[in-house]
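Let's take a walk through this model together. Keep the viewer open and follow along as we go.

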Amino acid sequence: MTDFTPAITTRRDMLRFCLSIPLFGIPTSVVAEPLSMRFEFLKENGNSNCSQAFLDSIPSLSDNARLQGSCCGPMDLHRYREQIAGLKTHAAIAEIPPDPYDIEAGLAKRLLGAYGIALKPKQQEAYDQAMTIASEKGPCCCQCWRWHVYGGLGKLLVRDHGFDGPKLARVWDLSDGCGGKDHIH
């Protein structure tokens, strides 16, 4: 086995390997792009919604379950690419979901629990400032499960990572899971 031989241990590894090989000189990105494939899957197979019942169900979900898809409107590929790219800048912070349309239930539960955290006055000022400048005027467009989960995230980011209002608002804007074509620029 040489250094160039890929480690193929599962069907998924095999598929990734096969999709990485250019087909008849056509660039791999034209043949199949993993982000586009993930987008299509999430767009067609979402399981989340804005109901109180969905919010109430989160604590009973398996930690490995996934909260997937948009809540309010159809996902947009261009916006999704912007969001994923923007969230990569925060990859070192484990609490920030790397994909706003595919969140592990275990993480959602931890963030939901953080929603009730009381912040110190200066921290609360930063949180309140983020509420006024975020595109949705908060962590989401309505007070659904995302509002509570990303509200909890916001409190952790302000308290534990020293985020100010504009930085928190940026994360919320990048993490907007409502769907739609609004741009991040």
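Arg38 forms a salt bridge with Asp99, with the closest N and O atoms 3.2 Å apart. In this text a salt bridge is a side-chain nitrogen of Lys or Arg within 4 Å of a carboxyl oxygen of Asp or Glu. The two partners come from distant parts of the chain, 61 residues apart: Arg38 sits in helix 3 (residues 34-45), and Asp99 in the loop between helix 5 (77-87) and strand 2 (102-104). Asp99, at 4% relative accessibility, counts as buried.

Before going further, a word on what you're looking at. This is a predicted model, where local features need pLDDT of at least 70 and side-chain atom pairs count only at pLDDT 80 or more, while totals for chains, interfaces and linings use all residues. Residues are numbered from 1 along each chain as its sequence is written, and side-chain values use heavy atoms, with hydrogens and water left out.

Now zoom out. The protein chain has nine helices and two strands, and from the N terminus on its elements run α-α-α-α-β-α-β-α-α-α-α. Helices (H or I, at least four residues) and strands (E, at least two) are DSSP runs, numbered from the N terminus. Of the 185 residues in the chain, 43% are buried. Take the contacts (heavy atoms within 4.5 Å) between residues at least 6 apart in sequence: 71% of them join residues at least 24 apart.

Back to the charged pairs. Side chains of opposite charge can pair when their charged atoms come close. The salt bridge count here comes to seven. One of them brings together the side chains of Asp63 and Lys109, at 2.7 Å from N to O. This pair also links distant parts of the chain, 46 residues apart, with Asp63 in the loop between helix 4 and strand 1 (66-68) and Lys109 in helix 6. Both partners count as partly exposed, Asp63 at 43% relative accessibility and Lys109 at 23%.

What about the strands? Asp102 and Arg66 meet through their side chains in a salt bridge of 2.9 Å, N to O. Asp102 lies in strand 2 and Arg66 in strand 1, so this pair ties together parts that are 36 residues apart in sequence. Asp102 is buried, with a relative accessible area of 16%, whereas Arg66 counts as partly exposed at 33%. Salt bridges with shared partners join Arg66, Asp102 and Glu104 into one network. Asp102 also has a polar contact of 3.0 Å with the side chain of Gln68; that term covers a pair of N or O atoms within 3.5 Å, where within protein one must be able to donate a hydrogen and the other to accept it, and residues adjacent in sequence count only if both atoms are side-chain atoms. Leaving aside neighbours within four places in sequence, Asp102 touches Leu42, Arg66, Leu67 and Gln68.

Next, have a look at helix 5. At its start, a side-chain oxygen of Asp76 reaches to within 3.4 Å of the backbone nitrogen of His78. The buried residues of helix 5, among them Tyr80, Ile84 and Leu87, pack against helix 3 and helix 9.

Then there's the nonpolar interior. A nonpolar core is a set of buried Ala, Val, Leu, Ile, Met, Phe, Trp, Tyr and Cys residues joined through side-chain atoms within 4.5 Å. The largest one has 38 residues, and Trp145, Leu157 and Trp172 touch the most other members. Helix 4 (52-57), helix 6 (105-114), helix 7 (121-133), helix 8 and helix 9 (165-174) each supply at least two residues of this core, with the largest share, eight residues, coming from helix 8. Apart from it lies another core, of seven residues, including Phe39, Leu42, Met75 and Tyr80.

Let's finish on Arg146, found in helix 8 (residues 145-161). Not counting residues up to four places away in sequence, Arg146 touches several others, including Ser48, Cys71, Tyr101, Cys140 and Gly177.

Technical notes. Buried means under 20% relative accessible area, exposed over 50%, partly exposed in between (1.4 Å probe, protein chains only).
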